[in-house]
Amino acid sequence: MEAWPRPAAPEGTSVMALTARDVTIHFGGVVAVNGMDLDVSPGEIVGLIGPNGAGKTTFVNCICGTYRPNTGTVLWQGQELLGLSPPALLRLGVARTFQNVASLHDLSVLDIAKLGASMRSDRGPAGHLLDLFRSERAVEQELTETVLRPLELTDVVHQPIQTLSYGRRKAVDLARALAAHPQLLLLDEPVAGLTSHEGMAMAAVIRDVRDRLGCAVIMVEHKMDVVMSTCDRIAVMAAGSKIFEGLAAEVQADAEVRRVYLGEP
Ligand SMILES: Nc1ncnc2c1ncn2[C@@H]1O[C@H](COP(=O)(O)OP(=O)(O)OP(=O)(O)O)[C@@H](O)[C@H]1O
Ligand SMILES: [Mg+2]
């Protein structure tokens, strides 16, 4: 079984994996993200929390090129990400999952995982050429062991994803992102809508992937038990801006966070 490689940082890059500065975007009169700063180091899971409409998804969309912010910079290992296409981002090791997973197509779970694997950022042209000579079976076995089994998807590998439950479709979406061996993983509500067993399994996989790949992770999530047990650091957004950042215990103890997000007087 091929080990999951831990890619070395390119020469001359800073230790900081992601540096977002002063990211601002408005839609008409709505300032969805306002002067947002965030740093994420390799191997770190940063939680992004805040009330509905706080700007969390929009901020993630700015990092991964879906939206072009009006101002700001997003540097990944020293390189500007803003304006890059999803394939270009994947080549740099940036992968994401979606808050609402699509269920329209009839690709199988394995097809989706293979699609992700075909985008592996750590293979290079020679590696992708070598993949052509690997047997389908070897590729499938590797995906099964590294991605599908941990996500409890082995019993549905050949099923079209539209036949799966919402929770399992979320797991498939994560499988696609993980199969690309990301160095920066952006997760938008990975456990929303999942049963608590599915949610805990998903959180364990996210931590395990971080340990194995050493990747940086941003996890937008409302489920506080998962956030508190999974994230090394938590940033809190409200009305487009970061209102607090700290360790889980510090976030829970902050009066402003408790008022704005946790609904306390
Ligand atoms: N494409 C868009 N056009 C207009 N307004 C938008 C667009 N995308 C987001 N917004 C607005 O930006 C604000 C932030 O929305 P966003 O979806 O980023 O919030 P969120 O923190 O992810 O919320 P939730 O927790 O409900 O997912 C909201 O007021 C939303 O209506
Ligand atoms: Mg959102």
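Modeller: Let us begin with a definition: a salt bridge is a side-chain nitrogen of Lys or Arg within 4 Å of a carboxyl oxygen of Asp or Glu. Please bear in mind that this is a predicted model.

Biologist: Why is the pair Arg176 and Asp173 called a salt bridge?

Modeller: The closest N and O atoms of Arg176 and Asp173 are 2.6 Å apart. The limit is 4 Å, and therefore the pair qualifies as a salt bridge.

Biologist: What separates Arg176 and Asp173 along helix 6?

Modeller: Arg176 and Asp173 are three residues apart in helix 6, so about one helical turn lies between them.

Biologist: How do you know whether Asp173 is buried or exposed?

Modeller: The relative accessible area of Asp173 is 10%. Buried means under 20%, so Asp173 is buried.

Biologist: What makes Glu145 and Arg149 a salt bridge, and how do you class the accessibility of each?

Modeller: Their side chains meet at 2.8 Å, N to O, and the cut-off is 4 Å. Glu145 has 32% relative accessibility and Arg149 has 43%.

Biologist: Which residues are linked in a network of salt bridges?

Modeller: The network links Glu44, Arg233, Lys242 and Glu245. Within it, Lys242 and Glu245 form a salt bridge with closest N and O atoms 2.4 Å apart. Lys242, at 28%, is partly exposed, and Glu245, at 29%, is partly exposed. In total, the structure holds 12 salt bridges.

Biologist: Why is helix 5 called roughly perpendicular to helix 6?

Modeller: The axes of helix 5 (residues 136-148) and helix 6 (residues 166-179) come within 10 Å and cross at roughly 115 degrees. Angles from 65 to 115 degrees count as roughly perpendicular, so helix 5 is given that name relative to helix 6. The crossing is right-handed.

Biologist: Which residues of helix 5 and helix 6 meet, and how do they divide by class?

Modeller: Leu143, Val147 and Leu148 of helix 5 meet Ala175, Leu178 and Ala179 of helix 6. The contact has six nonpolar residues, no polar and no charged. Ala, Val and Leu count as nonpolar, which means that these residues belong to that class.

Biologist: What makes helix 6 roughly parallel to helix 7?

Modeller: The axes of helix 6 and helix 7 (residues 196-213) come within 11 Å and cross at roughly 5 degrees. An angle under 35 degrees counts as roughly parallel, and therefore helix 6 is described as roughly parallel to helix 7. Among the residues in contact are Lys170 and Leu174 of helix 6 and Met202 and Val205 of helix 7. By class, the contact has seven nonpolar, one polar and three charged residues.

Definitions and conventions:
Residues are numbered from 1 along each chain as its sequence is written. Chains are lettered from A and ligands numbered from 1 in the order in which they are written. This is a predicted model: local features need pLDDT of at least 70, side-chain atom pairs count only at pLDDT 80 or more; totals for chains, interfaces and linings use all residues. Side-chain values use heavy atoms; hydrogens and water are left out. Axes are lines fitted to C-alpha atoms, for helices over the stretch in contact, and angles run from 0 to 180 degrees between N-to-C directions. Helices (H or I, at least four residues) and strands (E, at least two) are DSSP runs, numbered from the N terminus. Angles under 35 degrees count as roughly parallel, over 145 as roughly antiparallel, 65 to 115 as roughly perpendicular and the rest as oblique. A crossing is left-handed if the near helix is turned anticlockwise from the far one by less than a right angle, and right-handed if clockwise. Contact means heavy atoms within 4.5 Å. Buried means under 20% relative accessible area, exposed over 50%, partly exposed in between (1.4 Å probe, protein chains only).
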